[in-house]
Amino acid sequence: YEFSVDDTCEKEGGCLDFAVVGSTTVLCTTLDCRILTYELSEDVESFSNNLDERRPESFWRGLVAGGDQLVGNNEQITDLCFLGPKHLVIATNSQYIRVYDAETFACLSSCSGHTDIVLALQACEVSEGRFLIASGGKDNSVLLWDSTLSQDAALVGRAEGHFSAVECLAFSGRAEGR
């Protein structure tokens with residue numbers, strides 16, 4: 001039986017290989033030098049017994065919950081900024097932006113949207129625990145992200161058509177009420 005994987009691995013560099021560790025953990029290695037950990041549901045047997053009644057995407061989402069990310073190689077760090085006192089947003093020599101816990105350096109999320117190397121980052125807290133992140137890169141574009149840190153940042157805006165790479169960004173001031 002074949003089923004398609006959600007776009008998690010696809011948006012994060014493409015999966016190279018999967019491995020099952022023990023009976024409940026699936027490891028996925030990605031093209032951008034990471035290992036993603038997924039935990040199998042305790043109810044694996046009931047999911048597999050109902051394959052004919054479920055769409056493959058629903059099967060995958062119900063079977064597996066996302067877990068930790070291990071980042072093997074960041075190469076050159078092109079820019080970074082803090083999201084509050086405990087989180088960092090880092091742009092590396094790639095098209096991905098990663099959010100890290102500043103105390104443990106655990107990678108919490110990875111954001112994709114640029115088509116070339118990200119060169120510049122800037123963040124602004126708009127409300128308690130909610131941030132806007134601007135990123136610019138060699139793809140001559142500026143992307144705007146909305147982040148609550150509890151999930152991957154959502155791409156909310158794109159400015160394309162700059163004549164060359166965007167190497168510096170700044171928000172014009174503090175957010176209203178902050």
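Because the model is predicted, local features are reported only where pLDDT is at least 70 and side-chain atom pairs only at pLDDT 80 or more, whereas totals for chains, interfaces and linings use all residues. Residues are numbered from 1 along each chain as its sequence is written, and side-chain values use heavy atoms, with hydrogens and water left out.

**Overall make-up and confidence**

The chain holds 3 helices and 12 strands, where helices (H or I, at least four residues) and strands (E, at least two) are DSSP runs numbered from the N terminus. Of its 178 residues, 38% are buried; buried means under 20% relative accessible area, exposed over 50%, and partly exposed in between, with a 1.4 Å probe and protein chains only. Among contacts (heavy atoms within 4.5 Å) between residues at least 6 apart in sequence, 41% join residues at least 24 apart.

The average pLDDT, which is the predictor's confidence in each residue from 0 to 100, is 75 for the chain, and 65% of the residues score at least 70. Over residues 1–8 the pLDDT is below 50, and this stretch has 13 contacts in the model beyond near neighbours in sequence. Residues 52–56 also have a pLDDT below 50, with 5 such contacts.

**Nonpolar cores**

A nonpolar core is a set of buried Ala, Val, Leu, Ile, Met, Phe, Trp, Tyr and Cys residues joined through side-chain atoms within 4.5 Å. The largest one has 15 residues, and those with the most contacts inside it are Leu83, Val89, Ile97, Leu121, Ile133 and Trp145. Strands E5 (77–83), E6 (87–92), E7 (96–101), E9 (118–127), E10 and E11 each supply at least two residues of this core, and the largest share, 3 residues, comes from E9. Apart from this core lies another, of 5 residues, among them Ala120, Ala134, Val142 and Val166.

Beyond its neighbours within four places in sequence, tryptophan 145 is in contact with residues including Ile97, Cys111, Phe131, Ile133, Ala153 and Val156.

**Charged pairs**

The structure holds 2 salt bridges, each defined as a side-chain nitrogen of Lys or Arg within 4 Å of a carboxyl oxygen of Asp or Glu.

| Salt bridge | N to O distance |
|---|---|
| Aspartate 146 – arginine 130 | 3.0 Å |
| Arginine 158 – glutamate 160 | 3.7 Å |

Aspartate 146 lies in strand E11 and arginine 130 in strand E10, so their pair ties together parts that are 16 residues apart in sequence. Arginine 130 is partly exposed, at 34% relative accessible area. In the other pair, arginine 158 is partly exposed at 41%, while glutamate 160 is exposed at 59%.

**The loop between E10 and E11**

Aspartate 139 lies in the loop between strand E10 (130–137) and strand E11 (141–147). Aspartate 139 is buried yet has no salt bridge, and the nearest side chain of opposite charge, arginine 158, is 5.4 Å away; here Lys and Arg count as positive and Asp and Glu as negative, with His and the chain ends not counted. The side chain of aspartate 139 does make a polar contact of 3.0 Å with that of histidine 114, a polar contact being a pair of N or O atoms within 3.5 Å in which, within protein, one must be able to donate a hydrogen and the other to accept it, and residues adjacent in sequence count only if both atoms are side-chain atoms.

Asparagine 140, in the loop between E10 and E11, has a positive phi, near 60 degrees. Asparagine 140 counts as partly exposed, at 23% relative accessibility. Its C-alpha atom is separated by 5.3 Å from that of serine 164, 24 residues apart along the chain.
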